Amino acid sequence: MDDNHIVEIRELVKRYPVGGGHFTALRDVTTDVVVGEFTGLVGPSGSGKTTLLNIIGGLDAPSEGSVTVLDMPLGGKNHKELAHLRREGIGFIFQTFNLLPVYTVFENVEFPLLLMGMNGEDRRSAVNQALEWVDLMDKVKSRPAQLSGGECQRVAIARAIVKKPKLIIADEPTANLDAENSHNVMGLMVNLNRELSTSFMFATHDEKVMGYLTRIIHLIDGRIDEDEQVSKPKYREGK
Amino acid sequence: MLLLKLALKNLLGAGTRTWLNVAVTSFSFVLIVFMSGFYQGFLEYAQQVTLETEVAGGAYWHPAYDPDDPFTLDDAHGIPPGPVSEQLAAGKAMPILLTQGSIYPEGRMMPVMVKGIPPNQNIVTLPTEVLGEYTGSAIPVLIGAGMAHSAQLEEGDVFTVRWRDAHGTYDANEAEIVSIMRVENPGVDMGQLWLPLGKLQDMLEMPGEATYVVAASGAELLADIGEWQPKPVMFFMQEYLDVIEMKSSNAKILYAVLLAMAAMGIFNSQVLSIFRRRKEIGTLMALGMIRSRVVALFTAEGGMHSILAFILGAIWGGPLLFFVATKGIPLPYDPTEFGVIMAPRLIGVYGIGMILGTTLLVAVIVTVVSYIPARKIAKLKPTEALTGRSN
Ligand SMILES: Nc1ncnc2c1ncn2[C@@H]1O[C@H](COP(=O)(O)OP(=O)(O)OP(=O)(O)O)[C@@H](O)[C@H]1O
Ligand SMILES: [Mg+2]
């Protein structure tokens, strides 16, 4: 694997069993993701964006082809090894935030570190740092039900970033947010991308999100239709 | 640790449903301990009363004696064998003579068991000395309160008693109730007349004879005494234990129902919570929690119902059980009216073993019914869990 590559995909096919036969959700997908890229999968509904992100995240298995993520070939890996990969190397951000409802903001952000077995002191400083990033220091004791959607997604970003993963996967992160919150959340992710060189992979329909991407992969019917490098993203200042 | 903390938070976060399950479980738990304690207390009390009033240190039976067949009484009498008479002389045993008879209080006829006992005995705790103190001309008779109630007899009542002597000849005479004793053992009360042994021997023309001999408690039961049969204490208690065994198996059905109630509530909550919290399960998996730990988390969540139930049970059940174990509960009935031995106050006896056993049983059942639905999580794909879809 190229040192510079965080994800390598070769001739990936994904079929889902449907009725007696099967439905091909992804076909012949070959691509690489370079460290520090801010990539988006874009395409019509049903084009396979979520499917591809799930496979990269080790949540779903390819039917054919090879996928290597963070130097780990996913083929033939059992669910424990995949869980380990996610726990140590990948952060997830969901459309519906998916915070743990009984936990406070602090505890939600702390949770991935508990799974990693990090000690208490390191955890506290990492959680505080992540909450400062997303500017939620005043909400540490709140529970998800007491937060606005934008705040929830900021907590989710803090939860994804707290372990400083190499890759963050975000499926429609702005779909439940208004314009202001969408820009706010994307701005945060751009900052993290710049300062920590964290790679991001999005799936999105949202024009606002697209305005931040440095690379856009267009999917149509499970195939890569176009792979576009964006030199001057609309909302991204500087580089 | 993380699992338990998270499980507890989830459980408490579920609010009312959790507390409902916890309340039902604690109710079952306390009730089972409570009732088991009563059975234990009842058993111990009944054994003690039977020993004190009837069995003492065991008995020697005339070879023809069969307590289940009153017709054997015609033959079941004789002079106690030599080795036993030494114990008799030393006051370490007492002879009892039995015969069937009938009484006619106010013209009604009632069959009775007539029992001759030495009035000055101190081997059982029956107040037989009153039989020796009688100076009247009738046959002095001691009866229990239960017998007095059913025959409507009072102290001082005089009535006719009829019996058959050694030669098969019927005879009758006046008898007088010299005392009515309160005794909790119906085995020495219902349908029985207690007479001075010497008097009964005269009436039956069986001088020096007995049907059986009761040994003093602690006295050595002689084994080799010819035809007469030694009957150890356990022989008498075994019958008793069988009765208790039967009664407690009825109780076990009730326990099973109580536990099933608690288990069903928890099972139901588990199924519901696993169904409703699919997205959460998917999130835990996406964050890198392995499936077996997610299963363990949900099992722990359900299993913790039992811990909360023990705590709740200790809070409300503890003082209750303490009260029952020390003060007892008074019976609203006259215990002599029951066909079984009943203490006037029911005292619970709560052994550590019984409480721990019940605790373990409840914990195991609750954990199992929590695990069964949680096991399904292991088959769930993270993507399906995240979308809430299922195959
Ligand atoms: N578990 C499954 N079983 C069968 N078909 C599936 C399954 N998951 C996805 N599909 C199908 O695969 C195709 C791609 O789905 P996917 O969720 O990746 O689309 P998407 O690009 O994310 O769409 P959207 O923009 O609506 O989120 C769809 O046609 C979908 O119906
Ligand atoms: Mg999608």
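## A site shared by two chains

Ligand 1 is surrounded by residues from chains A and B, so its site is shared between the two chains. The model is predicted. Around the ligand stand 15 residues, and the nearest are A:Ser45, A:Gly46, A:Lys49, A:Thr50 and A:Thr51. By type, the shell holds 7 polar, 5 nonpolar and 3 charged residues.

Three elements of chain A each supply at least two shell residues: strand S1 (5–18), strand S2 (21–34) and helix H1 (49–56). H1(A) gives the most, with 3 residues.

Oxygen atoms of ligand 1 make several contacts with chain A. One lies 2.7 Å from an N or O atom in the side chain of A:Lys49. Taken alone, the ligand exposes 630 Å², and the protein buries 69% of that.

## The antiparallel sheet of chain A

Two of the elements that line the site also belong to a sheet. Four strands of chain A form this open sheet in the order S2-S1-S4-S5, with antiparallel pairing. S2 and strand S5 (72–73) stand at the edges with a single partner strand each, so one side of each has no neighbour in the sheet.

Strand S4 (residues 64–69) of chain A is joined to S5(A) by 2 bridges, and the two run antiparallel. Here A:Thr68 stands opposite A:Pro73. Helix H1(A) packs on this sheet and touches S1, S2 and S4 of chain A. The direction of H1(A) makes about 120° with that of S1(A).

## The mixed sheet of chain A

Chain A also has an open sheet of 6 strands, in the order S6-S7-S8-S3-S9-S10, with mixed pairing. Its edge strands are S6 (90–93) and S10 (223–229), each pairing on one side only. From one strand to the next, the twist averages 15°.

Within this sheet, strand S3 (residues 38–42) runs parallel to strand S9 (residues 215–220) of chain A, and 4 bridges join them. A:Leu41 has A:Ile217 in S9(A) as its bridge partner. Helix H5 (residues 149–161) of chain A lies across S6 and strand S7 (167–171), running at about 170° to S6(A).

## Strand pairing in chain B

In chain B, strand S6 (residues 170–181) pairs with two other strands. What joins it to strand S4 (residues 139–144) of chain B? There are 6 bridges, and the two strands run parallel. B:Leu142 is paired with B:Ser179 in S6(B).

Strand S5 (residues 158–164) of chain B runs antiparallel to S6(B), and 7 bridges join the two. B:Arg162 has B:Ala172 as its bridge partner. S5(B) and S6(B) form a hairpin with 5 residues between the strands. In that hairpin, B:Gly168 takes a positive phi near 85°.

## A loop proline in chain B

Where does B:Pro119 lie? This proline sits in the loop between strand S3 (110–117) and helix H4 (129–133) of chain B. Beyond residues up to four places away in sequence, B:Pro119 touches B:Thr128, B:Glu129, B:Leu131, B:Gly132, B:Pro196 and B:Leu197. B:Gly198 is 79 residues from B:Pro119 along the chain, yet their C-alpha atoms are separated by 9.1 Å.

Technical notes. Residues numbered from 1 in each chain as written. Chains lettered and ligands numbered in written order. Predicted model: local features only at pLDDT ≥ 70, side-chain atom pairs only at ≥ 80, totals over all residues. Heavy atoms only, no water. Near = heavy atom within 4 Å. Polar contact = N/O pair within 3.5 Å; in protein donor to acceptor, adjacent residues only side chain to side chain. Areas by Shrake-Rupley, 256 points an atom, 1.4 Å probe, with all protein chains shown as cover. Nonpolar A, V, L, I, M, F, W, Y, C, P; charged D, E, K, R; others polar. Pairing = 2+ DSSP bridges. Axes fitted to C-alpha atoms, helices over the stretch in contact; angles between N-to-C directions. Contact = heavy atoms within 4.5 Å.
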